[in-house]
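This report describes a ligand site and a strand pairing.

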Amino acid sequence: MPSIRRLSDQLISQIAAGEVVERPASVLKELLENSLDAGARAIDVQLAEGGVKLIRIADDGCGIGRDDLPLALERHATSKIATLDDLEHVATLGFRGEALAAIGSVARLSITSRPADAHHAWRIDTHHREPAPAALNGGTVIEVADLYYNTPARRKFLKSEQTEYAHCDEVFRRIALARPDAAFQLRHNGAARQRLGVTDLAERIAALLGQEFAAQARRLEADAGPLRLYGLAALPAYSRATRDSQYFFVNGRFVRDKLVQHAVREAYRDILHGARHPAFVLFLELDPTGVDVNVHPAKTEVRFRDARAVHQFIYHALVRSLATPGTATPTAQPEAPPPAPGPVSAPMPAQQQLAVEQPTAAYFDFVRSPAFRPSVARSTGGGSRSAYLAEPARPPSADPAGTPPLGFAIAQLHGVYVLAQNAQGLVLVDMHAAHERILYERLKSVLDGQPATQALLIPAVLRLSAREMATAQEHAEVLAHLGFETDLAGMSELAVRSVPALLARADVGELLRALLAELEHYPASEVVTARRNALLATMACHGAVRASRALTVPEMNALLRDMEATERADQCNHGRPTWVPLTMNELDALFMRGQ
Ligand code: ADP
Ligand code: MG
């Protein structure tokens, strides 16, 4: 074995570059972060050939003095921290003092800089490490050319120009999202790609992610002691097939963190279909001592001191904001573009004006009476009788003047949609999806306590396959927890003695088979906690009123009132919207009225 020797500085930096300089986009990230750390308010980026040929970044930051220039290129040289205590309180994006050295070891790097108090600029590059006079009005210009020119093995890993550019664009986007207070420009091969002026967060988000995202997102702002979360979280109607619209920042730094991802996924789980991904731009702020950003050189991972608290906080803040019924709706509301992040909740649409004809007090008593608990309204032979049918009117309730946000039913369309008139215009309700959502939330709150069950006078006996029987046996306890009391009634028959009270009218056989099909895939230990909501969703779907069933006007109104009273009623649990408003303005526009 050869003797041990020290590696050269150049080689050490090239090894480090393996972690820091994965591709042009990682160079761009380091340079953008340096500019922001230097206090820049205007940053201009030029790329050539996906950033492989050239990355040039000009900023108006504090600049680097002549004597500091050689140090900027040295490993472990930084102006940002000096002590361990500084490290724990670090508020800058950089602090490791290795990016420029690493970049300079695998590309041709030059720095031209002029602090405000300098008579002229100075320039340094990887071949001339002695500063030379140069011309520049102020700030810093850094050029990185021919990435990996001296490390051909790494160059082979680079992808096509378009791919490398796309990565650069994404890095640019992340940083620009976090800093609406700075202006940015991006050019590629001479063509302007982005031009962003100083603005507020909502406008920056709209500029980078599109008006559609901004219009379909909930504004969110939550505080809990030292934790603060704000930003925009899109409603399920704007969900994506990929994770491409997920931006989470911790103290201004874009991160991809497992804990955060988990908390967000959980928060969306009830309202988003499993194959869809939520879209969001969220900023978590906390004391720097509460989070370790020095986990990986690229700093996209973090470690929270109190991981559980952070998880809980993110989860609850999101659930609360997504659950507020009626604030954002599936159609854009141009009159109310979201300004900078504000409070979580907004008023229900129709509480503002009462343009709809005053309903009689008796009518209100009718639809608000407790008899309107919708249990299951399936049409199995029941004719027009259903759970929605009212019982005799009750004494007047508190709010005779309030016009309900979802208005009053006027008709049912093809047995699928309920049409209602509210103060703003027309409301279209997908009756199955809406009922499903209501049932789901009710099942959930009921099952949080002792499940309310209803004994069947005559037990339903189901013929099941061997596999279904095995699952029923294995999960008998889970079924009991959900409100199904079952007994084996033979080799291939299962007797059902009770069902959840809310689903008393559902087709027991169909419901149970659907549940068993789902349970089959889960180990028993997981079911009650982790899978419970999925099971409830199945139950709600089977319990909900089917399309093509005729509803009476009072039934439809009862459904509307239940929707208003149910959290998250504007999305069904597959992430589809349950209702869509069409304002008079939108309707007028269809007919080109007033134009
Ligand atoms: P770090 O950012 O971790 O300190 P870098 O290698 O990225 O390490 O940068 C080294 C030093 O060079 C920084 O600490 C900073 O003082 C200086 N520097 C780099 N870029 C700029 C810039 N655009 N404007 C002013 N100073 C800069
Ligand atoms: Mg840096």
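## Ligand 1 and its surroundings

An oxygen atom of ligand 1 is found 3.3 Å from a polar backbone atom of A99, where a polar contact is a pair of N or O atoms within 3.5 Å. Taken alone, ligand 1 exposes 540 Å², and the protein buries 93% of that; accessible areas come from the Shrake-Rupley method with a 1.4 Å probe. The model is predicted: local features need pLDDT of at least 70 and side-chain atom pairs count only at pLDDT 80 or more, while totals for chains, interfaces and linings use all residues. Residues are numbered from 1 along each chain as its sequence is written, chains are lettered from A and ligands numbered from 1 in the order in which they are written, and side-chain values use heavy atoms, without hydrogens and water.

| Residue | Protein atom | Distance to an oxygen atom of ligand 1 |
|---|---|---|
| N34 | side-chain N or O | 2.8 Å |
| K80 | polar side-chain atom | 2.6 Å |

Around ligand 1 there are 19 residues, of which N34, T78, S79, K80 and G97 come nearest; a residue counts as near if one of its heavy atoms lies within 4 Å. The shell comprises seven nonpolar, eight polar and four charged residues, with Gly counted among the polar ones.

Strands β9 (residues 217-224) and β10 (residues 227-234) pair in the antiparallel sense over eight bridges; pairing requires at least two bridges found by DSSP, and strands are DSSP runs (E) of at least two residues. L220 has G231 in β10 as its bridge partner. Two residues separate the strands of this hairpin, and G225 in the turn has a positive phi of about 55°.

Notes:
A polar contact is a pair of N or O atoms within 3.5 Å; within protein, one must be able to donate a hydrogen and the other to accept it, and residues adjacent in sequence count only if both atoms are side-chain atoms. Helices (H or I, at least four residues) and strands (E, at least two) are DSSP runs, numbered from the N terminus.
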